[in-house]
Amino acid sequence: MTSQHAIDKPLGYFVTGTDTEIGKTFISCALLHALGQCGVRVAAMKPIAAGATLIKEADGEVWHNEDADQLAAAANVKLPSELAVPYLLEQPAAPHISAELMRVDMHIAHILDTYRQVTALADAVVVEGVGGFRVPISATEDTADLAQQLALPVIMVVGLRLGCISHALLTAEAIAARGLKLAGWVANTVDPGMAYASDNVEALQARLEAPLLGCVPRLAAAMPAAAADYLNFSTLPGWPDTPSGKVM
(Lines give C-alpha, C1' and ligand atoms only; values in the text may rest on other atoms or scores of the structure.)
Protein backbone atom coordinates (compact mmCIF):
# COMPACT_ATOMS: atom_id res chain seq x y z
CA MET A 1 0.00 0.00 0.00
CA THR A 2 1.16 3.50 -0.78
CA SER A 3 -0.70 5.57 1.81
CA GLN A 4 1.09 7.46 4.53
CA HIS A 5 -0.69 5.41 7.18
CA ALA A 6 -0.98 1.95 5.60
CA ILE A 7 -3.58 -0.37 7.08
CA ASP A 8 -3.06 -4.13 7.16
CA LYS A 9 -6.62 -4.80 6.12
CA PRO A 10 -9.17 -2.30 4.90
CA LEU A 11 -11.05 -0.24 7.44
CA GLY A 12 -14.77 0.04 6.99
CA TYR A 13 -17.52 2.09 8.60
CA PHE A 14 -21.26 1.93 8.01
CA VAL A 15 -23.04 5.26 8.40
CA THR A 16 -26.72 5.12 9.26
CA GLY A 17 -29.20 7.64 10.57
CA THR A 18 -32.29 8.16 12.65
CA ASP A 19 -34.31 9.08 9.56
CA THR A 20 -33.95 10.37 6.04
CA GLU A 21 -32.72 13.91 5.34
CA ILE A 22 -30.79 14.22 8.61
CA GLY A 23 -27.28 14.66 7.22
CA LYS A 24 -25.88 11.16 6.68
CA THR A 25 -24.14 12.20 3.48
CA PHE A 26 -22.79 15.38 5.06
CA ILE A 27 -21.28 13.48 8.01
CA SER A 28 -20.05 10.67 5.75
CA CYS A 29 -18.22 13.28 3.67
CA ALA A 30 -16.68 14.75 6.83
CA LEU A 31 -15.51 11.24 7.77
CA LEU A 32 -14.04 10.74 4.29
CA HIS A 33 -12.27 14.08 4.53
CA ALA A 34 -10.81 13.24 7.94
CA LEU A 35 -9.51 9.88 6.75
CA GLY A 36 -7.97 11.50 3.71
CA GLN A 37 -6.26 14.11 5.90
CA CYS A 38 -4.72 11.21 7.85
CA GLY A 39 -3.07 9.99 4.65
CA VAL A 40 -5.46 7.09 4.11
CA ARG A 41 -6.66 5.99 0.68
CA VAL A 42 -10.40 6.05 1.26
CA ALA A 43 -13.33 5.15 -0.98
CA ALA A 44 -17.05 5.75 -0.58
CA MET A 45 -19.98 3.49 -1.35
CA LYS A 46 -23.67 4.31 -1.52
CA PRO A 47 -25.01 0.79 -2.10
CA ILE A 48 -28.51 2.04 -2.91
CA ALA A 49 -29.32 5.53 -4.15
CA ALA A 50 -32.92 6.43 -4.94
CA GLY A 51 -33.41 9.57 -6.99
CA ALA A 52 -31.32 10.23 -10.09
CA THR A 53 -31.02 12.93 -12.72
CA LEU A 54 -29.85 12.44 -16.29
CA ILE A 55 -26.98 14.86 -16.97
CA LYS A 56 -25.33 15.49 -20.32
CA GLU A 57 -21.57 14.91 -20.24
CA ALA A 58 -18.82 14.88 -22.86
CA ASP A 59 -19.32 11.19 -23.61
CA GLY A 60 -23.12 11.20 -23.44
CA GLU A 61 -25.92 11.37 -20.89
CA VAL A 62 -25.20 9.85 -17.47
CA TRP A 63 -27.44 9.24 -14.47
CA HIS A 64 -26.31 11.04 -11.31
CA ASN A 65 -27.43 10.97 -7.68
CA GLU A 66 -26.60 14.05 -5.60
CA ASP A 67 -25.59 12.13 -2.46
CA ALA A 68 -23.40 9.72 -4.42
CA ASP A 69 -21.72 12.62 -6.22
CA GLN A 70 -20.94 14.34 -2.90
CA LEU A 71 -19.43 11.14 -1.50
CA ALA A 72 -17.32 10.64 -4.61
CA ALA A 73 -16.02 14.21 -4.36
CA ALA A 74 -15.02 13.73 -0.70
CA ALA A 75 -13.19 10.42 -1.28
CA ASN A 76 -9.64 10.33 -2.61
CA VAL A 77 -10.08 6.94 -4.28
CA LYS A 78 -12.27 7.34 -7.34
CA LEU A 79 -14.45 4.35 -8.15
CA PRO A 80 -16.30 3.30 -11.29
CA SER A 81 -19.97 4.19 -10.87
CA GLU A 82 -21.01 0.54 -10.78
CA LEU A 83 -18.83 0.01 -7.69
CA ALA A 84 -19.64 3.29 -5.97
CA VAL A 85 -23.40 2.82 -6.39
CA PRO A 86 -24.37 -0.79 -7.15
CA TYR A 87 -28.06 0.17 -7.35
CA LEU A 88 -28.80 3.62 -8.79
CA LEU A 89 -32.59 4.06 -8.94
CA GLU A 90 -34.33 6.79 -10.85
CA GLN A 91 -37.34 7.60 -8.69
CA PRO A 92 -36.82 9.47 -5.35
CA ALA A 93 -38.93 7.02 -3.38
CA ALA A 94 -38.44 4.19 -0.91
CA PRO A 95 -35.82 1.95 -2.59
CA HIS A 96 -38.02 -1.12 -2.91
CA ILE A 97 -40.71 0.99 -4.60
CA SER A 98 -38.26 2.70 -6.94
CA ALA A 99 -36.70 -0.65 -7.80
CA GLU A 100 -40.09 -2.16 -8.54
CA LEU A 101 -40.94 0.74 -10.85
CA MET A 102 -37.67 0.13 -12.72
CA ARG A 103 -38.12 -3.66 -12.65
CA VAL A 104 -34.84 -4.04 -10.79
CA ASP A 105 -34.24 -6.88 -8.34
CA MET A 106 -31.92 -5.76 -5.56
CA HIS A 107 -29.83 -8.37 -3.75
CA ILE A 108 -27.56 -7.98 -0.73
CA ALA A 109 -25.22 -10.61 -2.20
CA HIS A 110 -24.45 -8.28 -5.11
CA ILE A 111 -23.71 -5.38 -2.74
CA LEU A 112 -21.40 -7.58 -0.66
CA ASP A 113 -19.53 -8.67 -3.79
CA THR A 114 -19.17 -5.03 -4.83
CA TYR A 115 -17.89 -4.08 -1.36
CA ARG A 116 -15.22 -6.79 -1.57
CA GLN A 117 -14.06 -5.35 -4.89
CA VAL A 118 -13.86 -1.86 -3.39
CA THR A 119 -11.79 -3.05 -0.43
CA ALA A 120 -9.14 -4.22 -2.87
CA LEU A 121 -8.76 -0.65 -4.14
CA ALA A 122 -8.58 1.33 -0.89
CA ASP A 123 -7.27 1.30 2.67
CA ALA A 124 -10.66 2.33 4.06
CA VAL A 125 -14.26 2.30 2.84
CA VAL A 126 -17.13 4.42 4.11
CA VAL A 127 -20.51 2.86 3.33
CA GLU A 128 -23.53 5.12 3.63
CA GLY A 129 -26.92 3.55 4.18
CA VAL A 130 -30.19 4.81 2.76
CA GLY A 131 -32.85 6.50 4.86
CA GLY A 132 -33.01 5.11 8.38
CA PHE A 133 -31.59 1.84 9.64
CA ARG A 134 -34.44 -0.40 8.50
CA VAL A 135 -35.41 0.46 4.95
CA PRO A 136 -36.86 -2.32 2.77
CA ILE A 137 -34.71 -3.57 -0.09
CA SER A 138 -37.04 -6.35 -1.18
CA ALA A 139 -39.95 -8.35 0.17
CA THR A 140 -37.59 -10.23 2.49
CA GLU A 141 -34.52 -8.01 3.06
CA ASP A 142 -33.85 -4.54 4.43
CA THR A 143 -30.86 -2.30 5.05
CA ALA A 144 -30.43 -3.69 8.57
CA ASP A 145 -29.77 -7.07 6.95
CA LEU A 146 -27.20 -5.40 4.73
CA ALA A 147 -25.45 -3.77 7.69
CA GLN A 148 -25.46 -7.08 9.56
CA GLN A 149 -23.82 -8.92 6.67
CA LEU A 150 -21.24 -6.19 6.10
CA ALA A 151 -20.48 -6.48 9.84
CA LEU A 152 -18.85 -3.04 9.99
CA PRO A 153 -18.72 -0.68 12.98
CA VAL A 154 -21.76 1.58 12.77
CA ILE A 155 -21.80 5.36 13.05
CA MET A 156 -25.25 6.79 13.78
CA VAL A 157 -26.18 10.29 12.65
CA VAL A 158 -28.84 11.82 14.89
CA GLY A 159 -30.75 14.65 13.28
CA LEU A 160 -31.38 17.21 16.01
CA ARG A 161 -35.07 17.99 15.76
CA LEU A 162 -38.18 17.27 17.82
CA GLY A 163 -38.50 13.51 18.41
CA CYS A 164 -34.83 12.72 17.91
CA ILE A 165 -34.36 11.08 21.33
CA SER A 166 -36.84 8.29 20.66
CA HIS A 167 -35.65 7.85 17.08
CA ALA A 168 -32.03 7.59 18.21
CA LEU A 169 -32.71 5.13 21.03
CA LEU A 170 -34.86 2.91 18.81
CA THR A 171 -32.19 2.95 16.10
CA ALA A 172 -29.50 2.05 18.64
CA GLU A 173 -31.63 -0.86 19.85
CA ALA A 174 -32.10 -2.09 16.27
CA ILE A 175 -28.34 -1.91 15.66
CA ALA A 176 -27.64 -3.90 18.84
CA ALA A 177 -30.33 -6.45 17.93
CA ARG A 178 -28.35 -7.27 14.78
CA GLY A 179 -25.24 -7.93 16.83
CA LEU A 180 -23.49 -4.84 15.46
CA LYS A 181 -21.26 -2.40 17.30
CA LEU A 182 -22.48 1.18 17.52
CA ALA A 183 -19.02 2.72 17.38
CA GLY A 184 -20.13 6.31 17.81
CA TRP A 185 -22.83 8.84 17.07
CA VAL A 186 -23.00 12.38 15.73
CA ALA A 187 -25.52 15.06 16.66
CA ASN A 188 -26.25 17.00 13.47
CA THR A 189 -28.36 20.16 13.65
CA VAL A 190 -31.31 19.74 11.29
CA ASP A 191 -33.63 22.27 12.91
CA PRO A 192 -31.57 25.31 14.00
CA GLY A 193 -34.58 26.63 15.92
CA MET A 194 -34.99 23.47 17.99
CA ALA A 195 -35.67 24.30 21.64
CA TYR A 196 -33.42 22.65 24.25
CA ALA A 197 -31.18 21.02 21.66
CA SER A 198 -28.28 20.68 24.12
CA ASP A 199 -30.61 19.06 26.66
CA ASN A 200 -31.58 16.48 24.03
CA VAL A 201 -27.92 15.74 23.36
CA GLU A 202 -27.26 15.33 27.09
CA ALA A 203 -30.23 12.95 27.40
CA LEU A 204 -28.79 10.80 24.61
CA GLN A 205 -25.30 10.86 26.12
CA ALA A 206 -26.77 9.49 29.34
CA ARG A 207 -28.58 6.69 27.51
CA LEU A 208 -26.24 5.64 24.69
CA GLU A 209 -23.14 3.62 25.53
CA ALA A 210 -21.39 4.69 22.33
CA PRO A 211 -19.28 7.87 22.40
CA LEU A 212 -20.54 11.15 21.04
CA LEU A 213 -18.21 12.03 18.16
CA GLY A 214 -19.33 15.63 18.08
CA CYS A 215 -22.15 18.12 17.55
CA VAL A 216 -22.32 19.83 14.17
CA PRO A 217 -24.18 23.16 14.06
CA ARG A 218 -26.10 24.44 11.07
CA LEU A 219 -23.32 25.66 8.81
CA ALA A 220 -23.59 28.44 6.24
CA ALA A 221 -22.06 26.11 3.65
CA ALA A 222 -22.19 22.32 3.86
CA MET A 223 -18.45 21.78 3.53
CA PRO A 224 -17.04 18.46 4.82
CA ALA A 225 -13.88 20.15 6.13
CA ALA A 226 -15.97 22.61 8.14
CA ALA A 227 -18.08 19.81 9.65
CA ALA A 228 -14.95 17.79 10.48
CA ASP A 229 -13.75 20.66 12.68
CA TYR A 230 -16.59 19.79 15.09
CA LEU A 231 -15.90 16.04 15.10
CA ASN A 232 -13.35 13.76 16.74
CA PHE A 233 -13.17 10.29 15.21
CA SER A 234 -10.22 9.03 17.26
CA THR A 235 -12.35 6.60 19.30
CA LEU A 236 -13.53 4.72 16.21
CA PRO A 237 -12.19 1.16 15.86
CA GLY A 238 -9.03 1.09 13.75
CA TRP A 239 -8.74 4.85 13.43
CA PRO A 240 -5.30 5.86 12.06
CA ASP A 241 -2.70 6.80 14.62
CA THR A 242 -2.65 10.60 14.55
CA PRO A 243 -2.15 13.01 17.45
CA SER A 244 -5.84 13.68 18.00
CA GLY A 245 -7.81 11.72 15.43
CA LYS A 246 -8.98 15.05 14.08
CA VAL A 247 -8.23 16.66 10.75
CA MET A 248 -4.62 17.81 10.48
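Predicted model: local features only at pLDDT ≥ 70, side-chain atom pairs only at ≥ 80, totals over all residues.

Q: How far apart are the closest N and O atoms of Arg178 and Asp142?
A: They are 3.9 Å apart, and the two residues form a salt bridge.

Q: Where do Arg178 and Asp142 lie?
A: Arg178 is in the loop between helix H7 (164–177) and strand E9 (182–189). Asp142 is in the loop between E7 and H6. So the pair ties together parts that are 36 residues apart in sequence.

Q: What is the relative accessible area of Asp142?
A: Asp142 has 7%. Buried means under 20%, so Asp142 counts as buried.

Q: Which residue does Arg134 form a salt bridge with?
A: Asp142. The closest N and O atoms of Arg134 and Asp142 are 2.7 Å apart.

Q: Is Arg134 buried or exposed?
A: Exposed, because its relative accessibility is 54% and the cut-off for exposed is over 50%.

Q: Which residues are linked in that network of salt bridges?
A: Arg134, Asp142, Asp145 and Arg178.

Q: How many salt bridges does the structure hold?
A: Six. One of them joins the side chains of Arg41 and Asp123, at 3.3 Å from N to O.

Q: Which parts of the chain does that pair link?
A: Distant ones, 82 residues apart. Arg41 sits in the loop between helix H1 (24–37) and strand E2 (42–45). Asp123 sits in the loop between H5 and strand E7 (124–128).

Q: Arg41 and Asp123: buried or exposed?
A: Asp123 is buried, at 0% relative accessibility. Arg41 is partly exposed, with a relative accessible area of 25%.

Q: New topic: helices. What describes two packed helices?
A: The angle between their axes and the distance between the axes.

Q: OK, what are the values for H1 and H2?
A: H1 and helix H2 (residues 66–74) pack at about 15°, with axes 8 Å apart. That angle makes H1 roughly parallel to H2. Their crossing is right-handed.

Q: And what about H7 and H8?
A: H7 and H8 pack at about 25°, and their axes are 10 Å apart. Angles under 35 degrees count as roughly parallel, so H7 and H8 are roughly parallel to each other. H7 passes H8 in a right-handed crossing.

Q: At what angle do H5 and H6 cross?
A: Roughly 40°. The axes of helix H5 (residues 108–119) and helix H6 (residues 143–150) come within 10 Å. H5 and H6 are therefore oblique to each other. H5 passes H6 in a right-handed crossing.

Q: Which residues here have a positive phi without being glycine?
A: Glu21 is one of them, with a phi of about 60°. Tyr196 is another, with phi near 60°.

Q: Where is Glu21 found?
A: In the loop between strand E1 (11–17) and H1. Glu21 is exposed, with a relative accessible area of 68%.

Q: And where is Tyr196 found?
A: In the loop between E9 and helix H8 (197–207). Tyr196 is exposed too, at 64% relative accessible area.

Q: Now a glycine. Where is Gly163 found?
A: Gly163 is in the loop between strand E8 (154–160) and H7. Its relative accessible area is 33%, so Gly163 is partly exposed.

Q: How far is Gly163 from Asn200?
A: Their C-alpha atoms are separated by 9.4 Å. Along the chain, Gly163 and Asn200 are 37 residues apart.

Q: Last thing, the surface. Which residues make the nonpolar patch?
A: Ile97, Leu101 and Met102. The patch covers about 260 Å².

Q: Which helix is Leu101 in?
A: H4, which spans residues 95–102.

Q: Is Leu101 buried or exposed?
A: Exposed, because its relative accessible area is 54%.

Note on methods. Residues numbered from 1 in each chain as written. Heavy atoms only, no water. Patch = residues over 30% accessible without salt bridge, like charges linked within 9 Å, V, L, I, M, F, W, Y side chains within 5 Å. Areas by Shrake-Rupley, 256 points an atom, 1.4 Å probe, with all protein chains shown as cover. Salt bridge = Lys/Arg side-chain N within 4 Å of Asp/Glu carboxyl O. Helix = DSSP H or I, 4+ residues; strand = E, 2+ residues; numbered from the N terminus. Buried < 20%, exposed > 50% of the residue type's maximum accessible area, 1.4 Å probe, protein only. Axes fitted to C-alpha atoms, helices over the stretch in contact; angles between N-to-C directions. Parallel < 35°, antiparallel > 145°, perpendicular 65-115°, else oblique. Left-handed = near helix turned anticlockwise from the far one by under 90°.
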